[in-house]
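Here are my notes on the model you sent over. Have it open while you read, and start with the pocket.

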Amino acid sequence: MTRSGNRRADRVLPALRHVPMIVWLWLLWILLWGATSAVILVGGLLVAVGVVLSFPLPAVLPGAVPEPLRIGRLLIHVLTDLVKSGCTVAWQVVRHGRRVSCGIIEVPLRVDSDLLIAAVAEFTTMSPGSVVVEIDRRRKRLYVHALPVRDRRDIAHRRAEVQAMERRIALAVGHRRGVEDPGPNPARPDDARDDP
């Protein structure tokens, strides 16, 4: 009886990880129909279960457990960064017009997950004055077009901002490998050195 109980638990636990996706697809089905009749509710549930079982997705970040407080802090930081960088870009454009100084900065990353690298690129691009122009997945690098960039200190500051965002995102989703103890800056290119 114990073995059959273990076998049953071995089948039930992996099936439980599909429940959030089934619920999400079911709610999406209901929203798309715009009504809640019995046929729509049951049909949507059957379609959601069928889709999830027919097209199973692998775990996105195995072992990662999202942390709600860190997610909240990340969102607050992103919103304040949007306001701050929006004001900075507006002031630079008003003050310098077409002569705003800008540059492309190479930013080494510590995470090694496609999802996290894409999230860092998206959050970086959301901030006014910065656009990710290239992702070098093999070397774990982002190339960020940033403004204003007047000197090497600005380059180092923008690089540090992107790396801080990377750390916040990784910790918010519970991914600790490579970001928990950052240590020295990895493979810092020559253009980041401060002038004497």
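1. The largest pocket comes out at about 430 Å³. A pocket here is an open set of points on a 1 Å grid over the protein atoms alone, where a 1.4 Å probe fits, with protein on both sides within 12 Å along at least five of seven lines. Lining residues have an atom within 4 Å of a point.

2. Keep in mind that this is a predicted model: local features need pLDDT of at least 70, side-chain atom pairs count only at pLDDT 80 or more, and totals for chains, interfaces and linings use all residues. Numbering runs from 1 along each chain as its sequence is written, and side-chain values use heavy atoms, with hydrogens and water left out.

3. Who lines the largest pocket? There are 24 lining residues, and the closest to the centre are Asp81, Ser127, His157, Arg158 and Glu161. Helix 4 (68-96), helix 5 (114-126) and helix 6 (152-172) each give two or more residues, with the largest share, 8 residues, coming from helix 6. Helices are DSSP runs (H or I, at least four residues), numbered from the N terminus.

4. Now helix 3: which of its residues are buried (under 20% relative accessible area, 1.4 Å probe, protein chains only)? They are Ile40, Gly44, Ala48 and Val52.

Technical notes. Points joined across faces, edges and corners; volume = space filled by probe spheres on them. Buried < 20%, exposed > 50% of the residue type's maximum accessible area, 1.4 Å probe, protein only.
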